[in-house]
Each structure stands twice: as C-alpha cells, then as structure tokens.
Amino acid sequence: MSEQPVIRRRAEVLPEGEWSAEVPDALRRVHAARGSRMPEQAWPRLADLPSPESLLDIDRAVALLHDALDGDRHIVISSDFDCDGATACAVMLRGLKMLGAKRVSFAVPDRMRHGYGLTPGFVDELAALQPDLVITVDHGIACHAGIAEARAHGWDVLVTDHHLPGETLPAANAIVDPNRHGDPFPGKSLAGVGVAFYVLSALRAAMRVRNDVRANGVDLSSLLDLVAVGTVADLVPLDACNRALVAAGLRRLRNGQGCPGLRALIEVAGRDAARLGTGDIAFSIGPRINAAGRLDDMALGIRCLATDDPAEARELAGVLHEINAARREVQDGMVAEALAHVPQVDGDVAALCLFDPDWHPGVIGLVASKLVERHHRPTLTFARSEPGSSALRGSARSIPGVHMRDVIARIDTLHPGLIDRFGGHAMAAGLSLDESKWQQFREAFVAIVAGQLNADVLERVLWSDGSLPADGIDHRLAIALRDGGSWGQAYPEPAFDDVFDVLNSRCVGGKHLSLELGRDGRRWRAIQFGGWTEDPLPSRMRVLYRPAPDDWKGGGAVQLMVIHREPA
C-alpha cells in the first residue's frame with residue numbers, strides 16, 4: 001500500500017442562520033462542514049457552557065474542598081507530568097488560593113522513579129508534606145494502589161481526571177471525571193485542566209450560595225489562559241464546550257492578560273501574543289512546558305505557570321526553552337533510529353511496536369507520534385523506565401478507526417498479568433510491563449490491531465474544504481481564517497486545494513521549500529516546511545494549502561502554507 005496521502009474534499013454543507021456580513025463565505029463554509037451551521041454554533045460562548053451540577057460526585061468534591069478551606073487543612077495537588085497536568089495544577093493552585101486556601105502546595109512524581117500518577121512509592125514520599133487532602137489533576141482514575149495507600153495514611157483524596165476509567169474505580173473520597181460510566185455531563189472531551197476549572201467553578205458557586213465572603217469578587221475567568229493552553233496541548237477533541245474555553249483563553253492571551261509564565265513562554269518562543277493561535281500553543285508553547293516533564297522535572301513548568309513574579313517567570317521560561325532544545329536533540333536521534341527500524345511499511349503491516357534499551361522514556365510518545373505521521377499505523381514505543389531496569393514503559397499513538405485504550409484493554413483481558421498498568425484514550429495511551437513479556441505483548445498487539453483494520457482505515461486522507469477563487473485569496477480572508485475559530489483536534493484548521501502553476505522554487509533553511517505559485521493571472525508566495533526535495537518539481541501541481549498573513553513581508557501580504565502537494 002502506498003504511503004502517499006489522498007486529498008479528499010469534504011461534503012458541502014450549507015450554513016444557516018444570520019451570519020455577520022464581516023464573515024467571509026469561505027469561513028462560513030468551513031464552520032458548516034465541521035457541524036457548526038449557525039454562527040452561535042461556530043462561536044460557542046462561556047454562557048452556554050454546561051453546568052458542573054451534572055458531574056457525578058461534584059457535591060462530594062465541593063464538600064471536601066469546603067472542609068479543607070474551613071479547617072485550614074493542608075491541600076497537596078498531585079500533578080501529571082505533561083502540559084495538561086501542569087496547567088491543571090496551576091489552575092487548581094491559583095483557584096484555591098483565590099478562594100481563600102492558605103495551605104496549598106503541589107508535588108509531581110518523578111517519571112523515572114515513580115512512573116505515572118499517584119503510585120504507592122510517590123505516596124510514601126508525599127507523607128513528608130503531611131497532607132490532609134490530596135487532589136489529583138489529570139490522573140487518578142487508574143491509580144487504585146496509590147489511592148488506597150493514601151487513604152491508609154489517613155488522607156482524604158479527591159480525583160479530578162478525564163481519562164477513561166476501568167471496570168472498577170479507586171477508593172477515593174470523590175471522583176470527578178466526565179468519562180465515568182453513567183456520568184450525564186455532556187462535555188466528555190474536557191481535558192484535565194478543564195475538569196479542574198469546572199471543580200473550582202462548582203466550589204465558587206457553592207460558596208456564593210452560602211454567602212461565603214471568600215468567594216466575593218473571585219473571577220475564575222482569569223484562569224482561562226491556562227485552560228486554553230492545556231486543552232489544546234492535550235489534543236482533546238475541540239467540541240463546543242472546549243472551543244468556548246479555548247476561545248476565551250486565547251482572547252486573554254492576545255490582550256496581554258495571560259499569567260506571567262505564559263507571557264514569558266510566548267516571548268521566549270518568539271511568538272506575537274496579539275496574533276497567537278491554537279497552532280502556536282500546540283507547536284511552540286505546549287512543547288516547552290512538556291519538555292520539563294520529559295527530560296527534567298515538571299515542577300519547573302508548574303512554578304513558571306504559578307508564579308506572579310514576571311522576573312521569575314522569565315527566568316523559568318528561559319530554562320524551559322533550553323530544556324526543550326535538548327528534548328528536540330534527543331527526539332531527533334531517537335526518531336532517526338526508529339525510522340531506520342521500519343524504513344518501509346506495506347499493507348501487510350498492521351501496527352508498529354518498537355523497543356530500544358537506550359531510548360529515553362520521556363520522549364517515546366513523541367517518537368510514536370512521528371512514526372504514525374510517517375507510516376500511518378498504530379504505533380507503540382517502549383523504553384526502560386530507568387537505566388538497567390527490566391521494567392518497560394510504553395507510549396502508544398493511534399490513527400482514526402483504532403481505539404488505542406480499547407486495544408490495550410483487550411490484550412489485558414485476553415492475557416491476564418501480561419500488563420502491569422495501563423490507561424489513556426482513543427488516540428493515545430500508556431502502559432508498563434516487564435521486559436520479559438515484551439515479545440508476547442508485541443505479538444498480541446499486532447494481532448488485535450490487524451483484526452480491526454481495513455483498507456479505509458489504512459488510507460491516509462487529507463481533507464480539503466474545497467477550492468478558493470483566485471481573487472478571494474487575500475489578506476482579509478487570511479486573517480478571518482486564522483482568527484475565526486478555535487481550530488484543533490476534531491475541529492481542524494481550514495485547508496483548501498487548487499491547481500497552481502509553479503513559477504519558481506528554492507530551498508530555504510536547508511529543508512524548507514519556498515515557492516512562487518500562479519493561478520488565473522495572480523501570484524502568491526508559498527512555503528512548505530520540511531518539503532524540500534532535490535527532485536524537480538512539475539510545472540503544475542495540485543496543492544493543499546492554507547492562506548496566512550505574510551508576517552515576514554508585513555502589510556497586506558499573503559502567503560500560502562503548503563500542507564501537501566502532488567502533480568496536477
């Protein structure tokens with residue numbers, strides 16, 4: 001089977017309702033094709049968010065927090081070590097302090113020593129902090145042993161998570177997770193940071209009902225910059241609920257109202273806050289926060305997001321920037337090694353499952369993502385949890401049509417004892433097992449995935465929003481497309497396809513393809529990042545592209561961001 005992608009046009013859906021005359025027809029068409037046929041669907045408002053009241057256990061969660069605030073109890077937030085976990089931790093820290101908490105701190109497990117989540121070993125180290133209440137953010141739903149250990153210490157435990165639960169729930173005092181079985185809350189796609197924000201919103205509402213003066217004047221919308229960053233970085237589907245949260249957070253960041261840490265990260269990443277988009281979060285801001293948890297200590301990232309001191313924020317952002325550069329170097333080497341293992345993938349290969357004893361466990365998820373990009377196959381990469389250990393940690397990435405967590409759960413059912421721990425969701429998951437069981441797991445993984453695949457799933461499809469008239473590709477449209485939606489997972493950025501004449505081409509930066517394209521008497525600058533090849537280009541090409549403001553030339557200039565090209 002060819003690994004070349006196929007361009008397909010989305011079915012045309014006509015927009016409905018009263019759209020502003022300022023909204024270009026192309027943008028209306030884009031939203032309608034994503035299920036938002038009316039303007040109020042395209043731009044959901046915070047006022048339309050579902051109430052937290054329908055979340056299971058929300059009353060118990062609020063009662064735990066009330067007791068902790070009233071009794072001046074020590075609250076310890078247990079954070080995951082990715083961007084969603086870091087932003088969720090910062091939101092919970094900031095929000096609880098805003099609502100009157102005097103004794104609140106956080107702790108993050110060490111990826112190498114403790115592994116993922118609230119493990120018994122991590123709980124034993126938390127004992128030195130003498131917590132009264134432990135709150136998990138972005139994890140906990142699968143931490144049965146660690147939560148049991150925490151309860152044995154006499155601590156209360158509040159789980160806030162968004163991952164899919166197993167057949168049984170841990171013995172926490174309260175569990176807030178919209179993906180719990182039977183939970184009626186409609187926003188199933190909340191990230192961990194979104195769940196944390198909802199818990200705080202419920203707490204503030206309950207405090208106001210009680211006329212608790214500590215809730216007076218507390219504006220939790222000031223936390224939405226962090227909610228937006230964690231939501232986009234975690235690649236959760238941007239349903240209406242998440243788009244409302246992300247849009248509100250982006251407005252704060254563009255207006256210079258972000259917390260000092262995010263403002264510093266935007267600066268060190270070389271981005272313009274006034275024009276910040278979800279792509280900047282996904283590819284520039286999120287990776288710098290994630291890097292701390294991958295190669296160092298996510299406490300650095302949380303401290304950056306939690307501080308109110310601009311000088312400290314700039315210092316920590318600089319450290320995160322340096323760690324991210326080191327992460328890229330490690331990642332590039334591991335990706336090169338992984339690609340060398342599987343230079344070609346044909347239709348008989350259902351899935352990829354790789355292990356290298358020298359790989360870094362903090363980067364294997366990125367390697368799996370790169371392999372999926374290259375070969376369009378469900379991929380699992382393993383590394384030792386620490387040097388010399390027989391314990392392996394695996395990170396999985398999937399493709400549409402293969403639910404990764406369900407695959408791993410099926411293996412666990414068919415081969416009891418093979419997997420030590422696992423968790424995740426449809427497109428990404430993680431697990432641990434002993435090295436002696438890796439080959440057996442690999443065979444089971446490939447076999448189960450093979451049973452789910454068909455030709456449609458294996459076809460790599462690039463979706464287009466159709467053609468654009470040549471005289472309509474202008475600066476006004478480029479700005480409208482960039483700023484006209486919260487683009488991301490399950491609500492993708494606009495993309496169009498047309499046939500262009502190739503008027504000029506050259507290599508820039510050693511690997512990028514700079515083009516001059518023509519059509520119907522008009523010309524545009526275009527660039528395809530990583531698209532340079534020494535092979536001669538045809539005189540006419542079909543191009544999948546996105547019009548964007550040309551920040552390099554400035555003014556009203558437009559360039560075409562080339563996503564894919566093929567001979568016309």
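User: Is Asp483 buried, exposed or partly exposed?

Analyst: Asp483 counts as partly exposed, because its relative accessibility is 32%. On this scale buried means under 20% relative accessible area, exposed means over 50%, and partly exposed is in between, using a 1.4 Å probe and protein chains only. This is a predicted model, so local features need pLDDT of at least 70 and side-chain atom pairs count only at pLDDT 80 or more, while totals for chains, interfaces and linings use all residues. Residues are numbered from 1 along each chain as its sequence is written, and side-chain values use heavy atoms, with hydrogens and water left out.

User: Thanks! What does Asp483 form a salt bridge with?

Analyst: Its partner is Arg482, and the closest N and O atoms are 2.8 Å apart. A salt bridge here is a side-chain nitrogen of Lys or Arg within 4 Å of a carboxyl oxygen of Asp or Glu. Arg482 is partly exposed too, with a relative accessible area of 23%.

User: How many salt bridges does the count come to?

Analyst: The count is 25 salt bridges. One of them joins the side chains of Glu16 and Arg37, at 3.2 Å from N to O. Glu16 is in the loop between β1 (6-9) and α1 (25-33), and Arg37 is in the loop between α1 and α2 (39-42), so this pair ties together parts that are 21 residues apart in sequence. Helices (H or I, at least four residues) and strands (E, at least two) are DSSP runs, numbered from the N terminus.

User: And which parts does the pair of Arg214 and Asp70 tie together?

Analyst: Those two form a salt bridge with their closest N and O atoms 2.6 Å apart. Arg214 sits in the loop between α7 and α8 and Asp70 in helix α3, so the pair ties together parts that are 144 residues apart in sequence. Arg214 is partly exposed, at 26% relative accessibility.

User: Which residues are linked in a network of salt bridges?

Analyst: Arg9, Asp497, Arg542 and Glu566 are linked that way.

User: New topic: what volume does the second largest pocket have?

Analyst: About 330 Å³. Among its 18 lining residues, Pro52, Ser201, Ala202, Ala205 and Ala206 are the closest to its centre. On a 1 Å grid over the protein atoms alone, a pocket is an open set of points where a 1.4 Å probe fits, with protein on both sides within 12 Å along at least five of seven lines, and lining residues have an atom within 4 Å of a point. Grid points are joined across faces, edges and corners, and the volume is the space filled by probe spheres set on the points.

User: Which helix gives the most to that lining?

Analyst: That is α7, with seven residues. Both α3 (58-70) and α7 (192-209) supply at least two residues each.

User: Last one, helix α14. What should its 12 residues span?

Analyst: Helix α14 (residues 364-375) should span 16 Å at 1.5 Å a residue, and its end C-alpha atoms are 16 Å apart, which agrees. The expected span is 1.5 Å times one less than the number of residues.

User: Which residues of α14 are buried?

Analyst: They are Ile364, Gly365, Leu366, Val367, Ala368, Leu371, Val372 and His375. Their cover includes α11 (278-295), α13 (310-341), β7 (352-355), β8 (379-384) and β9 (391-397), where contact means heavy atoms within 4.5 Å. Just after α14, His376 takes a positive phi of about 55°.
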